[in-house]
Number of protein chains: 2
Amino acid sequence: MNAPTPREATRRRLLDALRQDGPMARVELGQQLGMSPASVSDLTASLLDEGILVTEDGSEATGGLLRGRPKVRLYFSENLGSVIGVWTGYNRIELRLVDSAGRSRASRRIERPLRNLSADDLMDLLADLITTFARESGAPDVKAVGLACQGYVDTRDGVVAWSPVLGTRDLPLAEGLRGRLGKPVLLDNDASAMAFALAQRDPTLRAGRTACLMVGDGVGLGFLINGELYRGARSGGSEFGHVRLRRSGPQCRCGGRGCIEAFLADYALHRDAQLIDHRPAPNALIPGEEAMATIVRQARAGDPALLNLFREAGEVLGDAVGILIQTLEPDHVVICGPATRAMDLLRPSFEAALETQTIQELRMLAAIHVVESSIDLLTEGVIIQALRELDGELARLKAA
Amino acid sequence: MNAPTPREATRRRLLDALRQDGPMARVELGQQLGMSPASVSDLTASLLDEGILVTEDGSEATGGLLRGRPKVRLYFSENLGSVIGVWTGYNRIELRLVDSAGRSRASRRIERPLRNLSADDLMDLLADLITTFARESGAPDVKAVGLACQGYVDTRDGVVAWSPVLGTRDLPLAEGLRGRLGKPVLLDNDASAMAFALAQRDPTLRAGRTACLMVGDGVGLGFLINGELYRGARSGGSEFGHVRLRRSGPQCRCGGRGCIEAFLADYALHRDAQLIDHRPAPNALIPGEEAMATIVRQARAGDPALLNLFREAGEVLGDAVGILIQTLEPDHVVICGPATRAMDLLRPSFEAALETQTIQELRMLAAIHVVESSIDLLTEGVIIQALRELDGELARLKAA
DNA sequence: CCGTTTTTCTTCGCCACATGAATAAAACAT
DNA sequence: ATGTTTTATTCATGTGGCGAAGAAAAACGG
């Protein structure tokens, strides 16, 4: 809201660098941020003073062969409370507890569909799960909660504007949870959170433009420009999964037909696999990992109908990535999420479609990464965002 | 390249504001840029000193009813040379001469296809046309040339990586022209230039994210984030027009089938209109404005086959805008270029397609503008970019 | 016609932030 | 011990921007 002072901006850059590339000595920070040792020293002095950073290097071996005064690495303090990250999937919820240094302390997975709950019931349930998890995992002092969910999210107001999972519209989820938990709640789209987390881990993804396509329960897109999430009109992610690629394609859970998601998401593959065997169409539940593994195994064994299903899915994936390349001209395209388990089945038609869909000059610029990413990484995405917010929060508290 | 000093950055912001919102007094500048009158005074003093700005307000009436010391508006000097902007279309070239204050001084349109020329011949021809135009219009002192062309452009290196118009690939156009003309040459994609120019004129387009779809000779996309052009991997615009929407659609000049362009561009509509009458398919020349006007007239008169053509084109346009909305979540979508002449024919199917393609929540956020924009505006886009560069250039010269 | 009012612009002292240079600190090598 | 090397801190300095006070330029009001 209020304009950050230049000091706050550099402070933030410094903390970001430290979070991304691990504990570092002051000289290294200076080099990386392109600022003088004097400035780093000055800035870190106050951060150490505030207790945000510690320097418990002590006996840490510096290698032995180097001479000169040893580096003193700066760490985030672990004792400034913790943050809980939550992901709400279609029929399960993942929770994770992380201390203020970013170290994972506990995690839990709960099988529980969230559909068909009233807004109040949903928020009551989530608040209950979160407090139970915090208590049972002995969370020291939960300072904030980060929540990643599918659908179209207004990250500024913390509102789920639309979601294929929760039935409701314009759900003020952050506010509701904040009221119930008494803690700040940060909301984001799950694909955005995943993209952010991946870029935190891999410096190459932070350079230039990275389009991250997460394929699993649904299809989401997170887009990064120089490591920062691109935010749209309501500062949310996009609903790229509901671009309608085939005019008379299969039914999508958004109500439309032929959306990208309707070919690629687990529920779509599972449903269409069932239809092949003339078994009754399953209800809307997302299949479990076992069910999906079975389908993949049968396809790998050579089931022609299933192979055709994956061929078509790969083609849609190629078209989708092609659209991204022609529209955004990214340096990196990341394909991640559960669907990467079947990348071998998707790849031939994926590559063929990508080739016919894109202009060669543009296609050659985009490096395509296939990353097997877990939900752990996803919760990490919102957690890091929450931790970043907290840094600023602490500074403001100290000032008062 | 080299990091701009903070001073240079604010200097640039000030000049940009002055260019966008016309001559202004110092107080107004201060309000708009959120800085104190003292700072503005300081900064403008050196700009006036360098001769970049002038204050020849003199007898300008301030309204009469206001009291107090009258505002002194700051103008760009007109006497610091001029800039030529060029647009290379499919079968014509537009040139425009503008003085250092941004006022248009002369313009010319040359009917001349550029295809099937060798790289050297092409650059010779362009250089010749530009010098002739400069001489005949009595250009005082041409400081730079801005060139907008179709296709995939590397704006940093000034290379046309790919173009459906020029047959060549990786053409170092800026360097070639710079060698021939002895002046800096700035290259950009034409849709990007158009988007930029539109946003310069209309402040609302500078707020948030604006996707500008230019439909005419081809289909191009310019994307703005907070008034600045989004730049992809090679810092160029995108080739959105060659997203393949219909797998077995009509032939596109890129070699593919079913590209957005293959439905919407003038050449496509003209070609398909000819085919209806079983006339021989025309050669690849872009039809003239008269030919297009005839087609539009016949369609308005009720020709069912032509109406169908426009219906299909509108549908593709709706799908295209839908993809943009679902992917970029823009605040504004601008449809501009010659194709707006037939917007009445396109609109019904456009709106229907847009509605089925997009999620309502997202669609409602994007304001859709249909703007009849001329090529004049397009050359203005590159010219303003060139002028902006020159400001910095002048500062560096003074410093040396 | 001359002070008063009002608004714009400038001058000046000051503060926040960052830097380079000198200095101190902490190790190893001899 | 004493130099060598690298890291961290201190301090004087410079830059950019700001608030406050004052100067300037007009209209207004007697």
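**Entry 1: DNA strand C**

I looked up which atoms of DNA strand C come within 4 Å of the protein: 75% belong to sugar or phosphate and the rest to bases. The model is a predicted one, in which local features need pLDDT of at least 70 and side-chain atom pairs count only at pLDDT 80 or more, while totals for chains, interfaces and linings use all residues. I number residues from 1 along each chain as its sequence is written, letter chains from A and number ligands from 1 in the order in which they are written, and take side-chain values from heavy atoms, with hydrogens and water left out.

I found 23 residues around DNA strand C, the closest being Ser39(A), Ser41(B), Gly68(B), Lys71(B) and Val72(B); a residue is near a strand if one of its heavy atoms lies within 4 Å of it. I then listed polar contacts (pairs of N or O atoms within 3.5 Å; within protein, one must be able to donate a hydrogen and the other to accept it, and residues adjacent in sequence count only if both atoms are side-chain atoms). Arg69(A) has a polar backbone atom 3.3 Å from a base nitrogen of DNA strand C.

The elements that give two or more residues to this surface are helix H1 (6-20) and H3 of chain A together with helix H2 (26-33) and H3 of chain B. Helices (H or I, at least four residues) and strands (E, at least two) are DSSP runs, numbered from the N terminus. H3(B) supplies the largest share, three residues.

**Entry 2: DNA strand D**

I counted 23 residues around DNA strand D, with Ser41(A), Lys71(A), Thr10(B), Ser39(B) and Arg67(B) the closest. Sugar and phosphate make up 77% of the atoms of DNA strand D that come within 4 Å of the protein. For Arg69(B), a backbone N or O atom lies 3.3 Å from a base nitrogen of DNA strand D. The largest share of this surface, three residues, comes from H3(A).

**Entry 3: Chain B against chain A**

I recorded 42 residues of chain B in contact with 42 residues of chain A, contact being heavy atoms within 4.5 Å. The buried area is about 3500 Å², 55% of it from carbon and sulfur atoms; this is the accessible area (1.4 Å probe) that two parts lose on being put together, summed over both.

I found six salt bridges between the chains, each a side-chain nitrogen of Lys or Arg within 4 Å of a carboxyl oxygen of Asp or Glu. One of them joins Arg244(B) and Asp319(A) at 3.9 Å, N to O. H11(B) gives the most to the side of chain B that touches chain A, with seven residues.

**Entry 4: Relation of the copies**

I noted that chain B can be laid on chain A with an RMSD of 0.1 Å by a turn of 180° and a shift of 0.0 Å along the axis, with superposition by least squares on the C-alpha atoms of residues with pLDDT of at least 70 in both. The two copies are therefore related as by a two-fold rotation axis. In chain B, Leu245(B) has the C-alpha nearest the axis, 3.6 Å from it. The same surface serves both copies, as 100% of the contact residues of chain B recur in chain A.
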